[in-house]
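Work through the exercises below with the sequence and the model side by side. Try each task before reading its solution.

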Amino acid sequence: QLQLVESGGGLVQAGGSLRLSCAVLGFATNFDVMGWYRQAPGKERESVANMTRFGDINDADFVKGRFIISRDNVKNTVSLQMNHLKPEDTAVYYCYAQLRVGLQLSEYWGQGTQVTVSN
């Protein structure tokens with residue numbers, strides 16, 4: 001059974017850094033898109049950054065210059081290096097993967113990892 005397993009969340013002070021990682025278990029094919037979403041309390045889930053298998057990156061304006069997404073197509077992992085963290089970055093971060101086969105689009109989500117940034 002396919003699983004996306006996140007790791008690396010935690011508590012950090014404002015200005016600090018964290019690195020999130022996501023590993024794919026039970027599936028050997030590279031996903032077309034892998035990335036990260038987040039959801040803060042009382043807010044909708046929003047896209048943070050994603051990366052295609054070819055290396056094209058789409059990241060939100062609020063993380064430009066602070067977060068760096070990377071993926072390893074051999075190991076089937078995606079990571080998010082988060083620098084200069086702000087209290088407003090506090091949220092549950094979810095790993096996301098998308099695979100398109102013909103007209104069928106499949107999406108997968110991890111369980112989420114909590115990131116808390118204190119003042």
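**Exercise 1.** Does W109 count as buried, partly exposed or exposed, and at what relative accessibility?

Solution. Buried means under 20% relative accessible area, exposed over 50%, and partly exposed in between (1.4 Å probe, protein chains only). W109 has 35% relative accessibility, so it counts as partly exposed. Y96, with a relative accessible area of 4%, is buried.

The model is predicted: local features need pLDDT of at least 70, side-chain atom pairs count only at pLDDT 80 or more, and totals for chains, interfaces and linings use all residues. Residues are numbered from 1 along each chain as its sequence is written, and side-chain values use heavy atoms, with hydrogens and water left out.

**Exercise 2.** Classify the ring pair of Y96 and W109.

Solution. Rings of Phe, Tyr and Trp (its six-membered ring) pair if their centres lie within 6.5 Å; planes under 30 degrees apart are stacked, over 60 edge-to-face, and the rest tilted.
- The whole structure holds 4 aromatic pairs.
- In the pair of Y96 and W109, the centres are 4.9 Å apart and the planes at 55 degrees, so the pair is tilted.
- Y96 belongs to strand 9 (residues 91-101) and W109 to strand 10 (residues 104-109), so the pair ties together parts 13 residues apart in sequence. Strands (E, at least two residues) are DSSP runs, numbered from the N terminus.
- Ring pairs also link Y37 with Y96 and W109 into a cluster.

**Exercise 3.** Over which rings does R45 lie?

Solution. A charge sits over a ring if NZ of Lys or CZ of Arg is within 6 Å of the ring centre and within 35 degrees of the ring normal. R45 lies over the face of Y94, 3.7 Å from the ring centre. Its charged end also sits over the ring of W109, at 4.7 Å from the centre.

How values were computed
Helices (H or I, at least four residues) and strands (E, at least two) are DSSP runs, numbered from the N terminus.
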